[in-house]
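Dear colleague,

My notes on it come after it.

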Amino acid sequence: ADRLAAAGWSHGGWTVMDALALGAEVAEFADLNDVPADPLAGLSTAFLVYPWCGLGAQTLRKGWQKSIPTFLMLGEDDTLSGTRYPLKAADKIRREGAPVETHIYPGATHSFDEETSVNPTFRYNAAQTADAQARFADWMASQLI
């Protein structure tokens, strides 16, 4: 129970980050019932891929309530989430004591790891996808020993 990991891509990454920013307030914020007093008690690491950190996101405003090792993966040419605000969020949580590792894929767009997309500005990249999958597996293995 003390070796839980959270991983999220895009909106999922934003959700993980907001949960870490809100801590015990997450139940009220999300209008949830029957949430433990410390809903993130066992969370020991996070892996976040091109998360939204702009308008509405809580991390830049509040920081994180829990300091955990985090891996942040971004695409250099992501026109949806971008790199500016996710990197600002990473700097903020680093200053608060969380170890954060970042990786930016050159030329990668949002959803570079999805073979099919309805958005024509998102471009699939097989090599970057394979690398991202390997980094995800390596991160989880190293954090959940």
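Predicted model: local features only at pLDDT ≥ 70, side-chain atom pairs only at ≥ 80, totals over all residues.

Residues are numbered from 1 along each chain as its sequence is written, and side-chain values use heavy atoms, with hydrogens and water left out.

Helices and strands are DSSP runs numbered from the N terminus, with at least four residues (H or I) for a helix and at least two (E) for a strand. Helix H5 covers residues 126-143. Its 18 residues reach 26 Å from first C-alpha to last, close to the 26 Å expected at 1.5 Å a residue; the expected span is 1.5 Å times one less than the number of residues. The buried residues of H5 are Gln128, Thr129, Ala132, Trp139 and Met140. They lie on the same side of H5 because they cover an arc of only 100 degrees around the axis, the arc being that of the directions from the helix axis to the C-beta atoms. Here buried means under 20% relative accessible area, exposed over 50%, and partly exposed in between, with a 1.4 Å probe and protein chains only. The face of H5 turned away from the buried side carries the exposed residues Ala127, Gln133 and Asp138.

Contact is taken as heavy atoms within 4.5 Å. At the start of H5, a side-chain oxygen of asparagine 125 comes to within 3.1 Å of the backbone nitrogen of alanine 127.

Of these strands, E2 is mostly covered, with 7 of its 7 residues buried. E2 pairs with E1 in the parallel sense over 6 bridges, and tryptophan 9 stands opposite valine 49 in E2. E2 also pairs in the parallel sense with E3, over 4 bridges; leucine 48 stands opposite leucine 72 in E3. Two strands pair if DSSP finds at least two bridges between them.

Helix H4 (residues 84-95) has 12 residues and spans 17 Å from its first C-alpha to its last, close to the expected 16 Å. In H4, Pro86, Ala89, Ala90, Lys92 and Ile93 are buried. Their arc around the axis is only 165 degrees, which puts them on the same side of H4. Arg84 and Arg95 are exposed on the other side of H4. The buried residues of H4 pack against helix H1 (11-22), helix H3 (59-62), E3 and E4. Glycine 97, which follows H4, has a positive phi near 110 degrees.

The loop between E4 and H5 holds phenylalanine 112, which counts as buried because its relative accessibility is 0%. Aspartate 31, in the loop between helix H2 (26-29) and E2, has a positive phi near 55 degrees. Aspartate 31 is exposed, with a relative accessible area of 67%.

With kind regards

How values were computed: Polar contact = N/O pair within 3.5 Å; in protein donor to acceptor, adjacent residues only side chain to side chain.
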